[in-house]
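User: Hey, I'm new to this one. Can you walk me through it?
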Amino acid sequence: MVNEAFYNQIIAELKSYNATLIAVSKTKSASDILELYHLGQRDFGENYVQELVEKCKQLPEDIRWHFIGHLQSNKVKQIAPFIHLIQSVDSLKLLKEINKQALANNLIMNILLQYYSASEETKFGLDDNEIEQVASIYFKESTLKNIRICGVMGMATNTDNKEQITKEFTNIFTVLSSLKDGYFKEADYFNVCSMGMSDDYQIALKAGSTMIRIGRKLFGERTS
Ligand SMILES: *Cc1c(COP(=O)(O)O)cnc(C)c1O
């Protein structure tokens with residue numbers, strides 16, 4: 001069961017921020033996804049390759065699928081033909097494999113670099129030095145032509161401390177801005193700041209988020 005009242009509320013809230021809602025549907029059924037789809041939602045986020053591939057087959061073709069979980073290089077092939085945005089790129093090795101599979105499918109793949117900010121939620125992501133390094137290699141290596149880096153994805157620590165969360169989101173936004181100034185000045189596509197989940201999305205929006213990823217508040221608690 002989808003929380004329709006919350007969906008309507010968040011769509012209204014997002015208007016003034018000009019931000020996009022990603023409905024995070026991991027562990028939720030195809031019929032739950034369809035329920036939200038019929039309310040108008042088109043962007044959905046998934047964390048597991050097998051689960052995503054299965055759901056994609058059963059659901060409407062105009063859904064824009066976002067990959068937000070840890071992605072193993074050997075699984076890129078399975079999602080490359082249809083994925084809209086891979087938000088969780090956390091290594092150069094993965095970036096190179098995505099480029100290879102994008103080339104094989106004759107497309108340009110949109111990706112975000114996942115920034116690691118001392119979060120308890122995940123041990124994955126690039127730190128300040130690594131993210132800078134990847135951006136610089138991306139520009140130097142003419143071989144990564146089938147990748148379009150559109151911005152940064154990040155998470156805040158799972159805590160009730162609002163000041164800490166604000167600080168962490170502000171830091172993610174600063175990373176985006178400094179990459180923009182350093183490497184992507186001319187690239188109008190480099191503008192995505194994906195941050196904010198069920199418990200902290202309002203703080204994220206105030207700190208500059210352009211894309212929030214909401215699961216539990218839309219679909220209910222996950223049991224698995
Ligand atoms: C599960 C997940 C979300 C959604 O979290 P909720 O607390 O259910 O809103 C967002 N981003 C990522 C990367 C996730 O893994």
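User: Which residues do ring pairs link into a cluster?
Analyst: Tyr138, Phe139, Tyr183, Phe184 and Phe190. Rings of Phe, Tyr and Trp (its six-membered ring) pair if their centres lie within 6.5 Å; planes under 30 degrees apart count as stacked, over 60 as edge-to-face and the rest as tilted.
User: And how many aromatic pairs does the count come to?
Analyst: By that rule, 7 aromatic pairs. One of them is Phe6 with Tyr201, edge-to-face at 6.1 Å centre to centre and 80 degrees between the planes.
User: Is Phe6 buried or exposed?
Analyst: Buried, because its relative accessible area is 9% and buried means under 20% (exposed is over 50%, partly exposed in between; 1.4 Å probe, protein chains only). Tyr201 is buried too, at 3%.
User: What kind of model is this, by the way?
Analyst: A predicted one: local features need pLDDT of at least 70, side-chain atom pairs count only at pLDDT 80 or more, and totals for chains, interfaces and linings use all residues. Residues are numbered from 1 along each chain as its sequence is written, and side-chain values use heavy atoms, with hydrogens and water left out.
User: New topic: which ring does the charged end of Arg42 sit over?
Analyst: The ring of Tyr37, 3.6 Å from its centre. That label needs NZ of Lys or CZ of Arg within 6 Å of the ring centre and within 35 degrees of the ring normal. Arg148 likewise sits over the ring of Tyr189, at 5.7 Å.
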